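This report concerns the single chain shown below. Please keep the sequence and the coordinates in view while reading.

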Amino acid sequence: TACTNCLASFNPTYCDCPAGYGLVSASCLICEAGKFSNSINSMCSTCSNGLWSAAGATICECLAGSYWSTDGNGQPACTACSAGTFSSTKNSVGCGVCTANTYSSTGASMCTNCLDSFDASKGCVCPAGYELFSDTFGVKVCSACPAGTYTTTQDAPFCIPCTLR
């Protein structure tokens, strides 16, 4: 006799529906993204409390930008990292703090370097050796001083030409 591929032709008499799949009306279907099953012959359950899963998952996870926590009932939950913190990997147990002259928004997976995206409201400073000016749209820009110029203070409005002695 020929072997039966249980996922292609599911028969509950002869087949088990594996974890990552769910029983639906005597069929065994892969759990869609946002759902999971962690045992054989079970239904797919919805991830809750900010948890996430890919299709065919056996567990729900916390995405980068969040960390494992518990809800008010003691159930597993994911909480978004607060502004000024980040988590770069999924299933983090906490969030790291952005370093000096970097910032992040709530739920960030990385911090933004102030020199790449200057925002004084986020605590950015334009360091010595750079000039802080407004572009034609009124957006503050922190740019390195060109060769032959310098600044000695942070947030300097322009670079000063070097003089020869």
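The text that follows treats selected side-chain pairs, loop residues, a surface patch and a hairpin.

The model is predicted, so local features need pLDDT of at least 70 and side-chain atom pairs count only at pLDDT 80 or more, while totals for chains, interfaces and linings use all residues. Residues are numbered from 1 along each chain as its sequence is written, and side-chain values use heavy atoms, with hydrogens and water left out. Helices (H or I, at least four residues) and strands (E, at least two) are DSSP runs, numbered from the N terminus.

**Salt bridge**

A salt bridge is taken as a side-chain nitrogen of Lys or Arg within 4 Å of a carboxyl oxygen of Asp or Glu. The count by this rule is one. K90 and E61 form a salt bridge through their side chains, with an N to O distance of 3.4 Å. K90 belongs to the loop between β7 (85–86) and β8 (96–97) and E61 to the loop between β4 (45–46) and β5 (66–70), so the pair ties together parts that are 29 residues apart in sequence. Relative accessible area is described as buried when under 20%, exposed when over 50% and partly exposed in between (1.4 Å probe, protein chains only). E61 counts as buried, with a relative accessibility of 15%.

**Two serines in loops**

The loop between β7 and β8 also holds S92. S92 is buried, at 9% relative accessibility. A polar atom of the S92 side chain lies 2.9 Å from the backbone oxygen of T89. With neighbours within four places in sequence set aside, S92 is in contact (heavy atoms within 4.5 Å) with S66, Y67, W68 and S87.

S105 is placed in the loop between β9 (102–103) and β10 (112–113). A relative accessible area of 44% makes S105 partly exposed. Although S105 and S82 are 23 residues apart along the chain, their C-alpha atoms are separated by 7.0 Å. Apart from neighbours within four places in sequence, S105 is in contact with C81, S82, A83, T85 and K122.

**Surface patch**

What forms the nonpolar patch on the surface? The patch consists of Y150, F158 and I160, which together have about 290 Å² of accessible area. Such areas come from the Shrake-Rupley method with a 1.4 Å probe; for residues, only the protein chains shown count as cover. Patches are made of residues with over 30% relative accessible area and no salt bridge, nonpolar side chains (Val, Leu, Ile, Met, Phe, Trp, Tyr) being joined within 5 Å and like charges within 9 Å. I160 lies in strand β14 (residues 160–161), and its relative accessibility of 35% makes I160 partly exposed.

**Hairpin and positive phi**

Strands β11 (residues 130–134) and β12 (residues 140–144) pair in the antiparallel sense over five bridges; two strands pair if DSSP finds at least two bridges between them. S134 is opposite K140 in β12. The hairpin of β11 and β12 has five residues between the strands, and G138 there takes a positive phi near 85°.

Most residues other than glycine have a negative phi.

How values were computed. A polar contact is a pair of N or O atoms within 3.5 Å; within protein, one must be able to donate a hydrogen and the other to accept it, and residues adjacent in sequence count only if both atoms are side-chain atoms.
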